[in-house]
Amino acid sequence: MFFSFFGGVLGGWGSVTRHPGCTRELLLSLGVAAFPLQHQNIVDPAISAFLLGVIQDQSCSSSVSLSVSAMAIPLPSSSLLLSALILFSVLLVTRGSHNIPPQMPTGKQLVPLFVFGDSLFDPGNNNYLNSSTGMGMGQATTWPYGETFFKHPTGRLSDGRIVPDFIGHNETTLRCPSLYYGIWSYIILINFQVTQCCGCAAEFFRLPLWKPYLEPGQHRFGGGANFASGGAGVLTETHRGTISLRGQLSYFKDVVKTLKRQFGEVETKNLMGRAVYLISMGGNDYFSFYSSYPNATRSSQKQFVGIVTRNLTQILEEIYNIGGRKIAFQNVGALGCVPINRAKTVDGSCLEELSAMARMHNLALSRSLENLGRRLPGFKYSIFDYYHAILDRVNRPKKYGFTNGTSACCGGKTGMCGGKMGSTEVCSGPSKYVWFDGGHTTEACNWQLAKLIWKGKTDVVRPYNVKQLYELM
């Protein structure tokens, strides 16, 4: 009786050492059960199986390679059933200097990240707003929000981390799924539980995990800040009680004053020039407009889009005048296709009027940024096509490792999750869903989106990706 597991050990070790520079803890539990599919008196002892499996986890886009060589166990001629169970565990742990949380770069290496946005980017600022507005201490402070990574609600409208968490921070851990393989007349069961740095291929900004700007306590604004507020819009009148884009700009100006006291006028100006300004805004303006004017004419819709984009452009020019040069936009998504809006249609299809307004906005935004690029010396920008990136995952979830692109993990088809009115029942595997609730993506989807923003090709992010903006000095 013989079983060679050296291939498995070497393959597992290779998967851990392929990506230096990250903390990895790989727990490999391999069970091999061999059963003949046909009754045979003798199993040829020379039969051997060689398995080379490459496991691709769509939620974190990291691969784990396993090489297993196995020699079949011969049976006495009188046996009708081969029944052998070999169970072993290999614990491979590599630790180095990178198991210490990454230190924030200093001096000329420091590229701050300032985040402006709505609920897609809010790390919990709304936790500190007046709850009487209805947009403050709300659903994201209740279970099951935050269950995947933080293990408790943080104010993020997701089961775990949101896009800015990944872009700003390079220590990422996502679990990779189990894989089942059958070879010839043998069933090989391989069960992986992998905790590894899924961000190894993308260093991101190497900043500490975001704290909400409004959270009391000490902040290190030299690395940036996140001002995003759930429900906020470009226009001040959109969901009053949240932090509108104008309000977020006001907070940013306060931060600049603080930095000038710390570093002086010249160094702060240089810091602002190196910084990247990540923005996700506009969706709530159109949600609000459609709610008030569901039968608005196309002319009225275009007029409203013009109002939103003009206000947006004015704020970008103010950021430029302060010293900002590198703007990264996530455009407005397919608003009519979020679960909470699909639930409003008879057949569960997308609400086309809302998605049409999103497309109008995105076209106007693209033209506005092109114009700013021509008028303002040194102005560089990136537009991430969130609209088509999320729509493709909704329409073709399996392509990206999901099983459901239309319903929410929490709240089902309506996506009403958490808070006083929503459900607390959650699906068994959030990483298999595009949507966590009625309008917000899962951590697994956020990871994919963050990768596209960071180093996507020009079909999804243009004319620069954020990595290229980051490297511009």
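**Group meeting: a walk through the predicted model**

Residues are numbered from 1 along each chain as its sequence is written, and side-chain values use heavy atoms, with hydrogens and water left out.

Okay, the overview. The protein chain has eleven helices and 15 strands; these are DSSP runs numbered from the N terminus, with helices being H or I of at least four residues and strands being E of at least two. Of its 473 residues, 55% count as buried. Buried here is under 20% relative accessible area, exposed is over 50%, and partly exposed is in between, using a 1.4 Å probe and protein chains only. Then contacts, meaning heavy atoms within 4.5 Å: among those in the protein chain with a separation of 6 or more, 74% come from residues 24 or more positions apart.

Back to strand 5, residues 113-117. How many of its five residues are buried? Five of the five. Both faces are covered, with L113, V115 and G117 on one side and F114 and F116 on the other. As for its partners, two strands pair if DSSP finds at least two bridges between them. Strand 5 runs parallel to strand 10 (residues 276-280), joined by five bridges. With strand 9 the pairing is also in the parallel sense, over three bridges, and there V115 stands opposite N226.

F114 and F116 come up again in the aromatics: they form one cluster with Y213, F221, F227, Y251, F252 and Y277. Rings of Phe, Tyr and Trp (its six-membered ring) pair if their centres lie within 6.5 Å; planes under 30 degrees apart are stacked, over 60 edge-to-face, and the rest tilted. The whole structure has 24 aromatic pairs. One of them is F204 with W454: the ring centres are 5.3 Å apart and the planes are at 55°, so we call the pair tilted. F204 is in the loop between strand 8 (186-197) and strand 9 (224-226), and W454 is in helix 10, so this pair ties together parts 250 residues apart in sequence. F204 counts as buried because its relative accessibility is 1%, and W454 is buried too, at 2%.

That takes us to helix 10, residues 443-455. Ten of its 13 residues are buried, including E443, W447 and I453. What span should those 13 residues have? At 1.5 Å a residue it should be 18 Å, and the end C-alpha atoms are 18 Å apart, which agrees. The expected span is 1.5 Å times one less than the number of residues.

Next stop, T309 in helix 6 (residues 298-322). T309 is buried, at 7% relative accessible area. Its side chain reaches the backbone oxygen of V305 at 2.9 Å. Leaving out residues up to four places away in sequence, T309 touches H361, A364, L365 and S368.

Last thing: charges over rings, where NZ of Lys or CZ of Arg is within 6 Å of the ring centre and within 35 degrees of the ring normal. The charged end of R161 sits over the ring of F149, 3.7 Å from its centre. R325 has its charged end over the ring of Y320, 3.7 Å from the centre.

Conventions: Predicted model: local features only at pLDDT ≥ 70, side-chain atom pairs only at ≥ 80, totals over all residues. Polar contact = N/O pair within 3.5 Å; in protein donor to acceptor, adjacent residues only side chain to side chain.
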